[in-house]
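This report is meant for a reader who is meeting the structure for the first time.

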Amino acid sequence: MFTEGLIKLKHISNSINDTEKIAEQFANNLKGSEIILLEGDLGAGKTFFVKSVAKSIGCSDVITSPTFTLMQTYSGGEFTIFHFDLYRIKNFIELENFGFFEYLEEDGIKFVEWAERVNLESMLDNYIKINIEKTGEFSRVIEIFYKKGE
Ligand SMILES: Nc1ncnc2c1ncn2[C@@H]1O[C@H](COP(=O)(O)OP(=O)(O)O)[C@@H](O)[C@H]1O
Ligand SMILES: [Mg+2]
């Protein structure tokens, strides 16, 4: 369905229920190996969106590793989900030492919060970017960009 370039979808959410539905629709189009970068301020709903995707593909096991501030794994569903939070990562070396690039090779969907801290976008050809903007206590604008290189 999605070819080259950049395709943008814009959704308006007025409740957590709306966001769950948007996440479910998004999840239905996943193949299983996508890298998804999440952008938005603290409290925008990035983590909530990932958990909603995990729920809708049937992931019931959450594995919180000792480095849980950096990564959580959701399994038991149609696909495994790796959920990274790079908020505490200071530079590329730290990212490498954490084993991030090995995790990217694993089978499963990878969600990354705070990818902009290490300018991850410039290192990837194919990825999806989701920007969540908080417009009110329960309202959000959720934009989804599909970026595909040659
Ligand atoms: N429409 C909405 N969509 C997503 N989250 C919402 C919405 N309305 C309220 N929230 C709340 O906003 C908070 C978002 O928190 P979180 O997902 O941890 O943010 P982030 O990971 O972006 O810092 C959650 O407590 C969630 O319940
Ligand atoms: Mg978060």
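## Ligand 1 and its surroundings

An N or O atom in the side chain of Ser13 is 3.1 Å from a nitrogen atom of ligand 1, a polar contact in the sense of a pair of N or O atoms within 3.5 Å, where within protein one must be able to donate a hydrogen and the other to accept it, and where residues adjacent in sequence count only if both atoms are side-chain atoms. The model is predicted, so local features need pLDDT of at least 70 and side-chain atom pairs count only at pLDDT 80 or more, while totals for chains, interfaces and linings use all residues. Residues are numbered from 1 along each chain as its sequence is written, chains are lettered from A and ligands numbered from 1 in the order in which they are written, and side-chain values use heavy atoms, with hydrogens and water left out.

Ser13 is found in strand S1, residues 5-13, where helices (H or I, at least four residues) and strands (E, at least two) are DSSP runs numbered from the N terminus. With a relative accessible area of 0%, Ser13 is buried, a word that means under 20% relative accessible area, with exposed meaning over 50% and partly exposed in between (1.4 Å probe, protein chains only). The side chain of Ser13 is joined to that of Thr19 by a polar contact of 2.7 Å. Not counting residues up to four places away in sequence, Ser13 touches Asp18, Thr19, Ile22, Phe138, Ser139, Arg140 and Ile142, contact being heavy atoms within 4.5 Å.

Asn14, by contrast, is exposed at a relative accessible area of 51%, and is found in the loop between S1 and H1. Leaving aside neighbours within four places in sequence, Asn14 is in contact with Phe138 and Ser139.

Ile142, found in strand S8, is buried with a relative accessible area of 0%. Although Ile142 and Ile12 are 130 residues apart along the chain, their C-alpha atoms are separated by 6.2 Å.

Which residues of H2 are buried? They are Lys46, Phe49, Val50, Ser52, Val53 and Ala54. The side chain of Lys46 does, however, reach the backbone oxygen of Gly40 at 2.8 Å.

Phe49 and Val53 also belong to the largest nonpolar core, which has 25 residues and in which Phe26, Phe49, Val53, Ile81, Phe111 and Ile130 have the most contacts. Such a core is a set of buried Ala, Val, Leu, Ile, Met, Phe, Trp, Tyr and Cys residues joined through side-chain atoms within 4.5 Å. At least two residues of this core come from each of helix H1 (16-28), strand S2 (35-39), helix H2 (46-56), strand S6 (109-113), strand S7 (127-134) and strand S8 (140-148). Apart from this core lies another, of 19 residues, among them Leu70, Ala115, Val118 and Tyr127.

## Positive phi angles

Most residues other than glycine have a negative phi. Trp114, in the loop between S6 and S7, has a positive phi of about 65° and is buried, with a relative accessible area of 16%. Asn119 lies in the loop between S6 and S7, where its phi is positive at about 50°, and is partly exposed at a relative accessible area of 45%. Just after H2, Gly58 takes a positive phi of about 90°.
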